[in-house]
Amino acid sequence: MSNEKIRVGIIGAGGWAKYGHIPALQYLEDFEIIAVSSRKKETAEEYAAKFNILYAFGDEQALINHPDVDIVVILAPAPEHARHAKAAIAGGKDVYSEWPLTTKTSESEELLSLAETKGVRHIVGLQRRLGPSARYIRDLVKQGYVGKIRSARMTVSVDAFMPTMPGRYEWAFHASNFSHVLSIYGGHFMDMLFQSVGFPKKLTAVVENQFPFFTVEETGEKIPTTNPNEVMVIGTLEDGGLFSVQLEGGQRHRTGLQIDITGTEGVLKVTNPRAFENKEDNSIEGVNGDGSSLSPLPVPAEYRSLANSHLDASVEDVAYLYAAYARDRKNGTSEASNFRDAVRQHQLIDQIIQTSETFFK
């Protein structure tokens, strides 16, 4: 590969683009954002002016077709991901799609097949696995810090998906759009956890909707929903340990992230008061051998190549994913999370839902 910057075109000028992707890309020397598109061209033009982006489009196909765009980044709502990704792949462009990759497993499988057939690089926004603490935890487990894993327990709670939400999110009220606590937060955090402790071998689950109506904040209108907002999963891991996962959306007094990994030789504890828009990376404590109490395990400096970025930890995770993609382009590797990882998460979530419907309905 040449030493020229990787030129990025972003589809979707929303809050996640502004908070997450644009700051991450502008921090990294390997990238240059050259184009942005939005359903409203004036919105794209506002973003272009604010962030010094050369081209603004009201038509995503014009962005995809532009010869200066090397990679198309899809940050539109989940129901639009498949259409945009297919167009980018057909145009021979590398493609980064935010998670969820699509709203259906079959569509994600199709995108994987199309991307592999076309020979373009494909990235999915499962970025938490590449954060410093996540990589350090993975290495600690691999190096035998806890010995043979006995159990892995994770709880994730968020104030997202409260029973009352602004009308601009009404598109997400319907389960068919695959934008709820299990699909979004479950996808992200289960990917991170199972990267460290191994993938589930068997599982059973309870998936519940405890808020059967969303209330539109501006109007008071009540809209029926089947979106899950409370999920509990238990099962066995590939290497024989047990695991449990609890996901809770719409928690007014959120408890954030809590992970305990226990083994024959030690324990790791991971916490964060927030599950998204984290200012700081996850905290890690551990004890093993003859130790008697948990002690902090600071993440070593070699895991923090972006230590002086001044970005929020949630944004740094995105930057680490883009940096992995840049290395993959240069070295012919596949470090960045991709559509194959997305399909595996889709299949896992399908299994969780199907198990709950089979045994608890």
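Helices and strands are taken as DSSP runs, numbered from the N terminus. In this predicted model, Pro 100 falls in the loop that links β5 (94-97) to α5 (105-118). The peptide bond between Trp 99 and Pro 100 is cis, with omega about 0 degrees.

Two phenylalanines in loops have positive phi values. Phe 161 sits in the loop between β7 (149-157) and β8 (164-165), and its phi is near 65 degrees, a positive value in a residue other than glycine. Phe 161 has a relative accessibility of 14% and therefore counts as buried, the cut-off being under 20%. Phe 178 occupies the loop between β8 and α7 (181-197). The phi of Phe 178 is near 55 degrees, again positive in a residue other than glycine. At 7% relative accessibility, Phe 178 also counts as buried.

Helix α6 spans residues 132-142, and because 8 of its 11 residues are buried, α6 is largely enclosed by the rest of the structure. The buried positions begin with the run Pro 132, Ser 133, Ala 134, Arg 135, Tyr 136 and Ile 137, and they also include Leu 140 and Val 141. Among the elements that cover these buried residues are the strands β7, β14 (256-263), β15 (266-272) and β16 (283-288). The helices α7 and α8 (313-331) also contribute to this cover. Just after α6, Gly 144 adopts a positive phi of about 90 degrees.

Technical notes
Residues are numbered from 1 along each chain as its sequence is written. This is a predicted model: local features need pLDDT of at least 70, side-chain atom pairs count only at pLDDT 80 or more; totals for chains, interfaces and linings use all residues. Side-chain values use heavy atoms; hydrogens and water are left out. Helices (H or I, at least four residues) and strands (E, at least two) are DSSP runs, numbered from the N terminus. Buried means under 20% relative accessible area, exposed over 50%, partly exposed in between (1.4 Å probe, protein chains only). Contact means heavy atoms within 4.5 Å.
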